[in-house]
Amino acid sequence: MKIRKSWLDLLQDETQKEYFKNLQQFLKSERSKFDIYPEDDLVFNALNFVAYDKVKVVILGQDPYHEPHQAHGLSFSVLDPTPLPPSLVNIYQEIKDDLGIQPYQSGDLSRWAKQGVLLLNTTLTVRKHQAMSHKGKGWEQFTGKIISLLAERKQPMVFMLWGSHAQQFADQIPPWHLVLKAPHPSPLSAYRGFFGCKHFSKCNEFLERNGMQPIDWH
């Protein structure tokens, strides 16, 4: 597994558990029969971009994009020149409404990851054309462990939990962190409260209040 050392040291025990071994067997079988996203070496991209002690913000999505040339291991992100998916269009719209800035029209969110934003999905793989096809196979236990490891940190951070899949982890997070909940930004649910949630300004206010650099959300 391609996971940076700061995370692998923390997750080593988790990767030895029965459920994780079963998950790896399941993925091996799936990849032999179907197109699975993202590519094998990009599955843990979110962890590889941000070291454990550098995380300032967690944006928790559902599962990776399930169409070709989209998923690359960072939630909501796509590499150029892939057109912006609808969820990301809505995220950019909320940033514009909230902060009065126009995000770059690139879908590559590694620019956020480099500032300490962990772009994590609750499920880290998906079958082509089949949303949520790897739900309930063990990923949620693994990403739950990542959330609990972050929640243990004394350094305050921001958790943006978008949609019910992400919000199931809210109870794990102690009160010194900021938990921001909203509906998922997909076109199916964004109008139920994602628009107008002002998560990006709330996040930056919290970071500054705790002596940290705010995120440049361009």
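Axes are lines fitted to C-alpha atoms, for helices over the stretch in contact, and the angle between two of them runs from 0 to 180 degrees between N-to-C directions. The legends below describe close-up views of a predicted model.

**View 1. Helix 4 crosses helix 8.**
The axes of helix 4 (residues 86–99) and helix 8 (residues 199–209) come within 8 Å and cross at roughly 60°. Helix 4 is therefore oblique to helix 8. On the helix 4 side, the residues that meet helix 8 are I91, E94, I95, D98 and L99, and their partners in helix 8 are H199, F200 and S201. Sorted by class, the residues of this contact are 4 nonpolar, 2 polar and 2 charged.

H199, F200, S201, C203, N204, F206 and L207 are buried in helix 8. The buried residues of this helix pack against strand 2, helix 4, strand 5 and strand 6. Three of the residues that meet helix 4 are H199, F200 and S201. After helix 8 comes G211, with a positive phi near 75°.

N90 is placed in helix 4. Is N90 buried or exposed? N90 has a relative accessible area of 10%, and a residue counts as buried under 20%, so N90 is buried. Apart from neighbours within four places in sequence, N90 is in contact with P185, S186, P187, A190, F194 and F195.

**View 2. Helix 2 crosses helix 6.**
Helix 2 (residues 18–33) and helix 6 (residues 139–152) have axes that come within 9 Å and cross at roughly 125°. Why is helix 2 oblique to helix 6? Angles over 145 degrees count as roughly antiparallel and those from 65 to 115 as roughly perpendicular; the crossing angle is roughly 125°, and that makes helix 2 oblique to helix 6. The crossing of helix 2 past helix 6 is left-handed. In helix 2, the residues Y19, F20, L23, Q24 and L27 meet W139, Q141 and F142 of helix 6. This contact has 6 nonpolar and 2 polar residues, and no charged residues.

The 4 strands of an open sheet follow the order 3-2-5-6, and their pairing is parallel. Strand 3 (117–121) and strand 6 (178–182) are the edge strands, each pairing on one side only. From one strand to the next, the twist averages 15°. In general, strands of a sheet pair through backbone hydrogen bonds, either parallel or antiparallel.

**View 3. Two strand pairs in the sheet.**

Which residues of strand 3 lie on each side? V117, L119 and N121 are on one side, and L118 and L120 are on the other. These residues are all buried, and both faces of the strand are covered.

**View 4. Two cis peptide bonds.**
The peptide bond from Y37 to P38 is cis, and its omega is near -10°. P38 is in the loop between strand 1 (36–37) and helix 3 (45–49). Where is P81? P81 is placed in the loop between strand 2 and helix 4. The peptide bond from D80 to P81 is also cis, with omega near 5°.

H129 is found in the loop between strand 4 (126–127) and helix 6. Phi of H129 is near 70°, which is a positive value in a residue other than glycine. M132 also lies in the loop between strand 4 and helix 6. M132 is not a glycine, yet its phi is positive, about 60°. With a relative accessible area of 22%, M132 is partly exposed.

How values were computed: Residues are numbered from 1 along each chain as its sequence is written. This is a predicted model: local features need pLDDT of at least 70, side-chain atom pairs count only at pLDDT 80 or more; totals for chains, interfaces and linings use all residues. Side-chain values use heavy atoms; hydrogens and water are left out. Two strands pair if DSSP finds at least two bridges between them. Angles under 35 degrees count as roughly parallel, over 145 as roughly antiparallel, 65 to 115 as roughly perpendicular and the rest as oblique. Contact means heavy atoms within 4.5 Å. Ala, Val, Leu, Ile, Met, Phe, Trp, Tyr, Cys and Pro count as nonpolar, Asp, Glu, Lys and Arg as charged, and the others, Gly among them, as polar. A crossing is left-handed if the near helix is turned anticlockwise from the far one by less than a right angle, and right-handed if clockwise. Buried means under 20% relative accessible area, exposed over 50%, partly exposed in between (1.4 Å probe, protein chains only).
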